[in-house]
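Please open the structure in your viewer and keep the selection tool at hand.

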Amino acid sequence: MKYLAQQAINALQLGSIYALIALGYSMVYGVLTMINFAHGDVFMLGSFFCLLLIAIVPVPFWLALIVVMGATAILGTLIERFAYRPLRNAPRVSAIITALGCGLVIQNTTLGISPYARPMPHLLDNVTYQFAGITVTTLQIIIIGVSVGLMMVLDFLIRKTSFGMAMRAVASDRATVSLLGVPANEIIAVTFAIGAALGGAAGLLYGMAYPVVSAAMGITVGWKAFVAAVIGGIGNMRGAVLGAFILGTVEVMTVAVLPSTYRDLISYSLLLLILVFKPHGLLGKPTIHKA
Amino acid sequence: MYLHTRHILAALVLSGILLTSCQPTKPSVKIGINAELTGEMPAVGASCKQAAELFTEQVNKAGGIAVGSEKLPILLSVVDNSCKADQSAAAAQRLISQDGVTVMVGPNASSCAIPAGEIAESLGCLMISPWSTNPKTTQDSQTGKPKKNAFRACFTDRFESPVLAAFATKNLHAKTAAVLYDVSSEAPTSQSALFKEAFEKAGGKVVSMETYSTGDRDFSAQLTKIRESSPDIIYLPAPYNDTPLIAAQARQLGIKAPFLGSDAWSSPDIIKLDAGKNLEGSYFCNHYSTEAATPKAKQFIADYTAKYGNAPDDVAALTYDAMALAANSIASAGKTDRAAVRDAMASTRTFDGVTGHFVYPEAAREPAKSAVIMQIKDGSFHWVSTVEP
Amino acid sequence: MIGMTPWTKNRYLPPVLLVVGLIVTAILPSTGLVNDYLQFVIVSIAINAILCVSLNLVNGWMGEFSVGHAGFMALGAYASAILTVKLFPSAPAALIFPAAVLIGGTVAGLAGIPVGILSFKTRGDYLAIITLAFLMIVKSGLENIPYTGGPRGMLGIPHLTTVAWAYFWCVVAFWAIRNLVYSKYGRGIAAIREDEIAAEAMGVNTRAAKLVAFVTSSFFAGVAGALFAHQLQFINPSSFDILKSTEILVMVYLGGVASLGGSLLGAGVVTILTQCLQPLGTWRMVVLPALLVLLMLFRPAGIMGYRDWNWLKPRLSLKLRSKNEDKAERGKEIVS
């Protein structure tokens, strides 16, 4: 029993990080119906920005989080402005390929500048608590706490503020929204910024949890989070969080009972199964595509 | 004429082809280096390349290798294999067919060395791997007999694993062990299997064999399983970039058992990446130690440190020895013909290198040489003992 | 003379040139003019061209977004390798290799059927994800089969891919897909790309068209995989991951969607640039995607998107006229 409880805590931690990244994918898909494949690499840059920051001036954890989120928000806005906005009216496939290209450029530039894996600097004292045979560390509590906190802030933002309403309006009908006086371009830019900021936060937390940072992290974790977003229904915020926790749990539990090579097999088979029975994800709603 | 995109592309491609087909025409001995310059373990590739360049510089300053009646300088060709098996095969193809090397030194990671060995075998070029310990590198996959063209400068896992198992049972008094290894990589897989065999033969019991795949970051599920089995020690044949992560997560989960490592730990970067000092006090097996060094080794260490600013690790030392073996084979063959050089290498029986005294038994592709046990203490490697073959 | 076409437009020129090409590639290795590495590059271009044109069928002509192409390639590679390494290691090369390639293609083609069926209901991004899931399932599945070496892969595959074989299969792939695309099914596939609902309304059997597209595409991906396995002599599941799929996507979108010449061009350019830019190391993989991004900004359909060279298009004008019309035309000319 305590073995399962321990694994459950592991799953929660993994799920929280996936959730933060999956939210970024869902937000961008919601407003632009575009899969932002560069998001995984923005997540990876979150860790690297933290490394850079601490190398210049050692700051406490909270400040580092805010600065990293700000930096990745700016990065996200820049990518949107220069790589995606010109393709707003081009076929969707071109935008996806551009996203893929941007992601590769970011990843390999970082690899070129820093080919070696680097240790994550020490930001927080890690105290291990033991009760009833289960170990929980402050790091795990912080990761889960910060993730859930950010998600709740985002949920509040989307459901209760006028900006959130504008975002949802842009997501449902972009053309009409401009007619009604909502600055669609600015809303989209801010959406990208928020999504990227969440990805950056995830990068920082991930770097703290797994303190060896390398430029190749973006692809593996990014694609997993993308799968999580799709499981929950891409475009749907709550779906992204749900999907992320489901994926985290499936991954951890699979390795808990089977050899680790089965992990991807089970996760992706689950994804396929869900998509066969619910083609738009667990919480997604069918959208009518023209062609 | 309107400048279409296709014209620009054609110009690009043509210039690319022209640039790469220019070959220098001075007579020289070409030696190829197939190294992991990018990817999982760039520190290993960097050490390999640096040691090779140091050797080349030293030999060329003395005039070159004596091939027959004249002295020819060494021309080094370095290709990156990104620590990936298929790229390693392509790199071997490039070195042997395009650059026309006489000997290929490398790759170091067994996952890369094994496919490169296949290519070297089918193209008939001598390959000396400095660091690959998996027995399969020099073995024909169909017949199990030694390959004709693949050699190595280090001992294999068949020697290393029993050494570690003996150390675990005698010095660390371990009765039970857990193993966590990368199942998608050749070296850790063979090391784990051979360690299990040796440990159980020495009277111990392996209570948990857990796996992960290259690139995994989260080992909490496997470590929780290991924690349940309460082992005396944990054998971790993981490379220098994974080990600190695994150790940190293990300690976080409350696992107190000491760690035991293979020669994959040998890069000093492992200490740099171990910010939480979780590996302090752990033991591992290595190919040579800067502390227990012979005069020849001391000279090499001094030269390397003078040129690059940091002490050479075992990959650098083994590459230096591999280069020396290659140069000696070329010199004793008297020509740069690949078959002759290969035969000269096969007839080498003893060699005194930076990493110790090599003895190549008849028809063997790997030397019998000593291993050292090291401990990570106070932020650096310390020599504990030497085990003779 | 009246009625005689110039030799460049002779209807028998293309087949003759192709056969000449086959003979040239067959004797090329023994002439020693081209060293092993250049042969390796030429074979790589051929393999990439097959992958490119087969993916173009689904991504370009049918307008879907499939990222699972490497999965079909993996199935073809492993199926053919099992045949040549495990089942018939001592069979003569001339017999076993074509059989292995065909079986590799067939296995991949059969795997294309479920993906095709899944594509009936899902389109767009969800199909992309289904193909991604398929790719990862194939990759993880292969990692768990100890018979084929598990995650560490399969060694000792004989080097059976010669320049001649690669050329042959490349020609077959291009010929098959060209004929498919300019046929009734091809029109249906293009109609699905433009507007699926309208196509259904106009009587196009979209299910059949999708199935044909996916199966053909995956068959040739399997063929390419078999050639790949026998060139590299070593395969492991991680060679066929999302990175490989991305490489093929880059080639397709660089060369041009829905274009045969574009597939050839994309494969050639990317393969050659990848080899030539080796000295740049990691920066090579910055230059290539950056090129792609720039191209997408200025030419979203790729260099040769939706267009083709004339010598690749079938001679429709000849097909449209009946034999009697031809005779009448010629008769009129001689009389007058």
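The residues on the side of chain A that touches chain C comprise 32 nonpolar, eleven polar and three charged.

How many residues of each chain are in contact here? The contact involves 46 residues of chain A and 37 residues of chain C. The size of an interface is often expressed as the accessible area lost when the parts come together. For chain A and chain C, about 3,600 Å² is buried between them, and 77% of it lies on carbon and sulfur atoms. For the complex, the predictor reports an ipTM of 0.85 and a pTM of 0.87.

**Next stop: a salt bridge between chains**

Select Asp216(B) and Arg263(A). These two residues form a salt bridge, with their closest N and O atoms 2.9 Å apart. The pair crosses between chains: Asp216(B) lies in the loop between β9 (205-212) and α7 (220-229) of chain B, while Arg263(A) belongs to helix α11 of chain A. Are the two residues buried or exposed? Both Asp216(B) and Arg263(A) are buried. Now extend the selection to Lys224(A), Glu251(A) and Asp264(A), which are linked with Arg263(A) and Asp216(B) in a network of salt bridges. Over all chains, the count of salt bridges comes to 23.

**Next stop: salt bridges within chain C**

Select Lys139(C) and Glu143(C). Their salt bridge has its closest N and O atoms 3.7 Å apart. Both residues lie in helix α5 (residues 124-143) of chain C, four residues apart, which is about one turn of the helix. Lys139(C) and Glu143(C) are both buried.

Then select Lys210(C) and Glu196(C), whose side chains meet in a salt bridge at 2.9 Å, N to O. This pair links distant parts of the chain, 14 residues apart, with Lys210(C) in helix α9 and Glu196(C) in helix α8 (residues 196-201) of chain C. Why do these two residues count as buried? The cut-off is under 20% relative accessible area. Lys210(C) is at 1% relative accessibility and therefore counts as buried. Glu196(C), with a relative accessible area of 13%, is likewise buried.

**Next stop: backbone angles in chain C**

Most residues other than glycine have a negative phi, and most peptide bonds are trans. Select Gln233(C), a residue other than glycine with a positive phi near 65 degrees. Gln233(C) is in the loop between α9 (206-232) and α10 (242-255) of chain C. At 6% relative accessibility, Gln233(C) counts as buried.

Move on to Ala258(C), in the loop between α10 and α11 (260-276) of chain C. The phi of Ala258(C) is also positive, near 50 degrees. Ala258(C) is buried, its relative accessible area being 7%.

**Next stop: chain B**

Select Gly106(B) and Pro107(B). What kind of peptide bond joins them? The bond is cis, with an omega of about -15 degrees. Pro107(B) is found in the loop between β5 (103-105) and α4 (110-123) of chain B.

Select helix α8 (residues 243-252) of chain B, which is mostly covered, as nine of its ten residues are buried. Among the buried residues of α8(B) are Thr243(B), Leu245(B), Ile246(B) and Gln252(B). Just after α8(B), Gly254(B) takes a positive phi of about 90 degrees.

**Last stop: confidence in chain C**

Colour chain C by pLDDT. The mean pLDDT of chain C is 86, and 91% of its residues reach 70 or more. Where in chain C is confidence lowest, and where is it highest? Confidence is lowest in helix α13 (residues 316-320) of chain C, at a mean of 51, and highest in α9(C), at 94. Where pLDDT is low, the predicted coordinates should not be read in detail.

Note on methods: Residues numbered from 1 in each chain as written. Chains lettered and ligands numbered in written order. Predicted model: local features only at pLDDT ≥ 70, side-chain atom pairs only at ≥ 80, totals over all residues. Heavy atoms only, no water. Helix = DSSP H or I, 4+ residues; strand = E, 2+ residues; numbered from the N terminus. Buried < 20%, exposed > 50% of the residue type's maximum accessible area, 1.4 Å probe, protein only. pLDDT = per-residue confidence, 0-100. Contact = heavy atoms within 4.5 Å. Buried area = accessible area lost by both parts, 1.4 Å probe. Nonpolar A, V, L, I, M, F, W, Y, C, P; charged D, E, K, R; others polar. Salt bridge = Lys/Arg side-chain N within 4 Å of Asp/Glu carboxyl O.
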